[in-house]
Amino acid sequence: MALIYVVEDDAALRDELERLLQLQGFEAAHCDDFSTAAQAAVRSGADCVVLDLKLPGADGLQICRDIRGASEVPIIMLTSSESEFDEVMALGLGADDYVTKPYRPATLLARIQGVLRRSAVPAQPVVSHRGVQLDEAAGVVEFEGRRAELTRNELRILQMLMRNAGQVVSRQQLMVHLWESDSFIDDNTLTVNVNRLRRALSDIGVDDDFITTRRGLGYVV
């Protein structure tokens, strides 16, 4: 039974979420001291962390950073903010997904189930294309001796593109691959992830045209 760790300051919302999770067959736990939320989440051995961005006396982004520094547990950011900057920051610090309040319970459950399925998928051997080598097990991409670690979403995007090298992969296909659905997903979230992947590749010397946008169609490597 998967354990979902909730870091949320609204007690009524937190309790409602925990009841919903338990009804769906999950275990649920939460913390009351946000100053030690990251340590508590990691110690809990959670299978997924649902983390509110805006917390009293604590910075949700810093908590995300601290969790990711100690664990690869999937993190879903939960916030009332619709700021693109917050979304970019959360994904940049290692969050796997981002849900804006008010949310539909079915949406959040689908996101949780999605990150749990993705984290359980066995890695494949190294995939190579145009000198770029992707080690799916390690979550590392290498080019001419230079290496970069990828976030889960960056890894899955590059994995999908390189496994289909020479073929256009649509944005819808990528969204389904990342989140098991293209419903409820802000299209900009995919763009943020693709742009971060491109920067990671550029940092190790990969040509800027390695991932090419086919306008109105998708992406191809």
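## Close-up views of the predicted model

**View 1. Asparagine 188 sits in helix α8.** Helices (H or I, at least four residues) and strands (E, at least two) are DSSP runs, numbered from the N terminus. This is a predicted model, in which local features need pLDDT of at least 70 and side-chain atom pairs count only at pLDDT 80 or more, while totals for chains, interfaces and linings use all residues. Residues are numbered from 1 along each chain as its sequence is written, and side-chain values use heavy atoms, with hydrogens and water left out.

**View 1. Asparagine 188 sits in helix α8.** Helices (H or I, at least four residues) and strands (E, at least two) are DSSP runs, numbered from the N terminus. This is a predicted model, in which local features need pLDDT of at least 70 and side-chain atom pairs count only at pLDDT 80 or more, while totals for chains, interfaces and linings use all residues. Residues are numbered from 1 along each chain as its sequence is written, and side-chain values use heavy atoms, with hydrogens and water left out. Asparagine 188 is partly exposed, because its relative accessible area is 23%. Buried means under 20% relative accessible area, exposed over 50%, and partly exposed in between (1.4 Å probe, protein chains only). From asparagine 188 to alanine 148 the C-alpha distance is 24 Å, across 40 residues of sequence.

View 2. Contact means heavy atoms within 4.5 Å. Leaving aside residues up to four places away in sequence, valine 194 touches Ile157 and Tyr219. Its C-alpha atom lies 11 Å from that of threonine 151, 43 residues away along the chain. Asparagine 195 is partly exposed, with a relative accessible area of 32%. The C-alpha atoms of asparagine 195 and arginine 19 are 37 Å apart, and 176 residues separate the pair along the chain.

**View 3. The largest nonpolar core holds 28 residues.** A nonpolar core is a set of buried Ala, Val, Leu, Ile, Met, Phe, Trp, Tyr and Cys residues joined through side-chain atoms within 4.5 Å. Val141, Leu150, Ile157, Leu158, Leu201, Phe210 and Ile211 touch the most other members. Two or more residues come from each of β9 (132–135), β10 (140–143), α6 (152–163), α7 (171–179) and α8 (187–203). Helix α6 gives the largest share, six residues. Leucine 201 touches Val141, Leu158, Val206, Phe210 and Ile211, again not counting residues up to four places away in sequence. Another core lies apart from this one and has 25 residues, including Ala38, Ala41, Cys64 and Ile67. In soluble globular proteins, nonpolar side chains tend to be buried together.

**View 4. Leucine 21 lies in helix α1 (residues 11–23).** Leucine 21 counts as buried, because its relative accessibility is 0%. Ile4, Val6, Phe26, Ala28, Leu109 and Ile112 touch leucine 21, not counting residues up to four places away in sequence. Leucine 109 is 88 residues away along the chain, yet the two C-alpha atoms are separated by 7.8 Å.

**View 5. A cis peptide bond runs from lysine 101 to proline 102.** Its omega is near -10°. Proline 102 is found in the loop between β7 (97–100) and α5 (105–120).

**View 6. Arginine 130 and glutamate 144 each have a positive phi.** Most residues other than glycine have a negative phi, and most peptide bonds are trans. Phi of arginine 130 is near 50°. This arginine 130 is in the loop between β8 (127–129) and β9. Arginine 130 is partly exposed, with a relative accessible area of 44%. Phi of glutamate 144 is also near 50°. Glutamate 144 belongs to the loop between β10 and β11 (146–149). At 69% relative accessibility, glutamate 144 counts as exposed.

View 7. Of the 221 residues, 50% count as buried. Among contacts between residues at least 6 apart in sequence, 60% join residues at least 24 apart.
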